[in-house]
Each structure stands twice: as structure tokens, then as C-alpha cells.
Amino acid sequence: MDTLLSGQLLFAALVSGSLYALVALGLNLVYGTLRLLNIAHGDLVMIGAYTAFGAFSLFHLPPVISVFLAAAVCAGLGWAVYEGLFRRLLANPTLAKRVEANSLILFYGISVILQNVVAMTFTASSRGYQYLDTVITWGGVSMTGNRLLTLIVASAVCFGTLLFLRHTLFGWSLRAVIERREAAQVVGVNLNRVQLITICAGFAAAGVAGTLVSMTEQITPFMGFPFTIVAFVVIIVGGLGNIGAGVLAGFCLGLVETYGIALTSPGYRSILIYGLFVAVLLIRPEGVFSKAVRS
Amino acid sequence: MTDTMLHVAGLNAGYGAVQVLHDIAFDVARGGVTTLIGANGAGKTTIMKVLAGLLAPMSGTVTFDGADLLRLASHDRVNGGVSLIPEGRMVFPGMSVEQNLRLGAIAPAARAGHDEALQDVFRRFPKLKERRAQLAGLLSGGEQQMLALGRGLMARPRLILMDEPTLGLAPVMVKQVFATIAELRAAGFTILLAEQNATVALELADRAYLLENGRIVQAGTGPELLGSDDVRRAYLGM
């Protein structure tokens, strides 16, 4: 009982929750505005992680700097994928109808390519580096600096994005595209521009998450898939395309996972995550936090 | 000679292999109401979609103030002064009334005068001012239509395309929508109105076109079509 009430456990839950929220944020933005099922999303987390690892081991750049590099690399990939693959597909109404299903296959291909390019460049063995790993104790809670940094950066990006969506005209136009794509066009939203910026931002968010992961965990070219799964669980629990609810669901999944494991054992991790997923699909398939407002 | 604002010629359009519009040609004169009447499925909404840039036609030309409209993307058409009030209102349900309206002024050309435009819309539709903080999805059908109209006006259009603005509204609201259209005409707006509600639309219209199965079968002034036997028989049930 003492462990359950400890700040230690809460801190651990918030760290993984913020990370899940951040990984899912990018996926949700891309799904919401472009209706693309990006199953290579976790591989972008991996690309971000390797960018930070490469920058650290080759140029001694700390993650606080290479995080920008990782975001830029992933945003560049987003640009390439949009301009090279999806721009024309989405502009053609007949092809656009099938793009949601086809995107699954296209992104599967991208996933395989990314994993193997990285495996060829860095070999398949796991990598890691040490950064801010000294333990600090604060208010009775012991934490490593890198985990604290993970919590701060991931939360800042998530809540910063939510504020942006709430208070800027561009944010509104993005929400307009999510809510009613055709109406957004009618109003005069530049659909192409919103889509391009969103895919770049969504990919960049995955790159940031990857940098954060690389500070605390061993990385491999095949680390991405579990992140893809977690991100899909989070956005389905929150409600597809519902950005704010997705962030909330990310934190909830972190709490469920951490406290669930504390009550049972680490062997139950997958059961907890998939159990939550299946329960939500059975009970509230439209998402736990989705608003009922639809006209 | 009347001053033509929108000129449509030889327009063919459809969805996939199904052709809906056949050789459509009509003009919209500056300052006044032009109406397209016709039964459900006659092709009114398809014409509106082509004009707004939501559907690429198979062939044909559309010129707006002498410039080729079909070459422009939909947001550039809004920026150029063509604004569609779509069928079924299409407000953004999860956003407030005010956010919906402000989004209406997202076109660069409309952004500068954006606050006066908002006050102007609130003067025209006091109900929207009362409900400015409410989610658009919670408004009644009539209020949503007012919102869609207001949102279209925020773009400072020179040509307003209205697609079935009275569809599914209570009689009181239908009256109010037509009163608003008359006010907008008096204020100097040019309006292209697609309506099923033929009598009222024709009474209001300076020029009218009758659509049947994707073809324009009759054209004339509002009173002319109102007096035409074809129209009376087919659409007015007289």
C-alpha cells in the first residue's frame, strides 16, 4: 500500500504517460487531418532516437540540442512522404476515398525501409549513451535528471500544441479540417498547406519523443513497433482525431500501466494495455473522452 | 447590356463515371439574385460544388469577372471573392459560434477588415451575438443556417453562392432566410441561389434558370418562369 501511494510511483506513471501522450499526439494529428493510418509512426520515434544517439556519439551534442535536429529530420521525412506520395493521392477524390486503407500498406513499406536503412547504418545491435543520469531527490521522490527532462519536454510539447490549437487561427483551421474537411475548404482554408504542416509537425513530435526515449533506454532499429501500438491504443481510447482527448488518454495509459504493474507484476504489462484497448472498443468505441457534439 | 459577373459555358461534370451535368450554360449578372431551381437531384448542388472548387468538372469554362475560375484552388476562389454557403450548413460543430465566424475570414483578403465584418454579421444576426460562445453543434437548424450565412459573409464575398439555404427549416425560419437574402441584395451583394422552394425563389429572383436532369431547360426573369406552364406544372403543383 505504501508503494502505491508513493510519489515515486506517480512520477514514474507521469513520465511514461507524458511520453505516450507525445507519441500519440503526432499520430492523432496526422490521422485527424489527413486520414492516414501511419503505422510507421513508431519508426519515426526510432529515427529521432538514432538522430540523438548519432549526434551525441559523433559530435558530442547533448539531447537538449539534438532534439531540434531530430525534429527537423522527422519533419523532413514528413515533407518527403507528403510531397512524394500523398499530395496527388489526396487531391484526386477517387483515390482519396481509398487512401485511408492504402496508407496502411504504404506506411508498412516505409516502416520496413526505415528499419533496414538504420540497421544497415548503425547495425542491429542495441545502442545507448549516458546523459543526466545522476539521481536527484526532490520532495522525497528520487529521479534521474533525464526522466525529469522527459516529463517536462513531453508535457510542454503536448500542452503547447493544445494551446496552439485553441488560440491561433492556424490552429482553428487545423481543427476545422479535422471536423469537416469540405467545409474547411469552403471557408477558404488552404487544405494543402494545412496538410503539409500537420504531417511535418506530427512527424517532428515523434522525433522529439525518440530523442527523449534515447536518454533513458537502449535503442535498436526495431524499437518502433511497440510505440506504434501504444500510440494507436491511446488515440483509439481518446477518440480518433480528438487531439485534446488523446493527450489525456496518453497520461491515463501511463497511470494504468504503472499502477497496474505495481499491483500485479511486469509480466502483465501487455495484458493491461491491450485489456484497456479491448474494453474501450467494446464499451465506448467512439473513444472514452469524445464529445457527443455532432450535428 | 447587363454586366456579367459569372459566366458558365459548356459545363459537364459528374462523380466517377456518372455524369450529372450536361452542357450547362448560364450567367450571373452583377448586383442581384440569380436562381437555379429544380427538383432534388437535378444537379443544383453539383453546379455549386464545381463553382466552389470542391469538384473538378469534366469540361467547360467558368469565368468570374473575366478570369478563369476553374484554374484556382478552392481557397483562392474564396480569396478572390466567391463564397459558398453549402447545403446542410456545414458549420464546425465542436467550435464556438465566434470561432466559426472568425474562420470565415481566414482568406488573406478578408483578414484585414475582420473585426468590422464580425460586428456587421452580429448586427445582421443578433442571435449569433447572443450565442457567440456556444458550440455551433448545439444551435438549432435555423441558427446554424444563420451561422453558415454569417460565416460566408465574413469572407467579404463579391459573389455569394447559396445552396439550398432553406432545406429542412421550419416555415418561420424559411421566411427569415428569404428576408435576409432580400436584405443582402439590397446591400448590393450578388447572389446565386439554388432552391427547391421555387415560388419564393422566383419571386425574389432577377433571373432564373430551370434545371431538369442536369440540363437547363428554361431561362428567363423570375416572373417569366413563375408564369411558365412548365414550371407551374412541374414544381409548383398548379
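These questions and answers cover two contacts in a predicted model.

Author: Residues are numbered from 1 along each chain as written, and chains are lettered from A in the order written. As the model is predicted, local features need pLDDT of at least 70 and side-chain atom pairs count only at pLDDT 80 or more, while totals for chains, interfaces and linings use all residues.

Reader: How do you know which residues belong to the contact of chain A and chain B?
Author: Two residues are in contact if their C-beta atoms, placed from the backbone, lie within 7 Å. By that rule, chain B brings 26 residues and chain A brings 20 residues.

Reader: What makes α2, α3 and α7 of chain B helices?
Author: A helix is a DSSP run of H or I, at least four residues; helices are numbered from the N terminus. In chain B, α2 spans 74–79, α3 spans 97–104 and α7 spans 141–154. Each supplies at least two residues of the side that touches chain A. α2(B) gives the most, with four residues.

Reader: Why are 16 residues on that side of chain B called nonpolar?
Author: Because they are among Ala, Val, Leu, Ile, Met, Phe, Trp, Tyr, Cys and Pro. Asp, Glu, Lys and Arg count as charged, and the others, Gly among them, as polar. The side of chain B that touches chain A also has nine polar and one charged residues.

Reader: What makes 33–125 + 147–220 of chain A a domain?
Author: The bounds come from an automatic or database domain assignment. It gives domain 1 those residues, and domain 2 has 223–289. Their centres, taken over C-alpha atoms, are 20 Å apart.

Reader: Which residues of the two domains of chain A touch?
Author: 13 residues of domain 1 contact eleven residues of domain 2. On the domain 1 side, α3(A) has the largest share, six residues.
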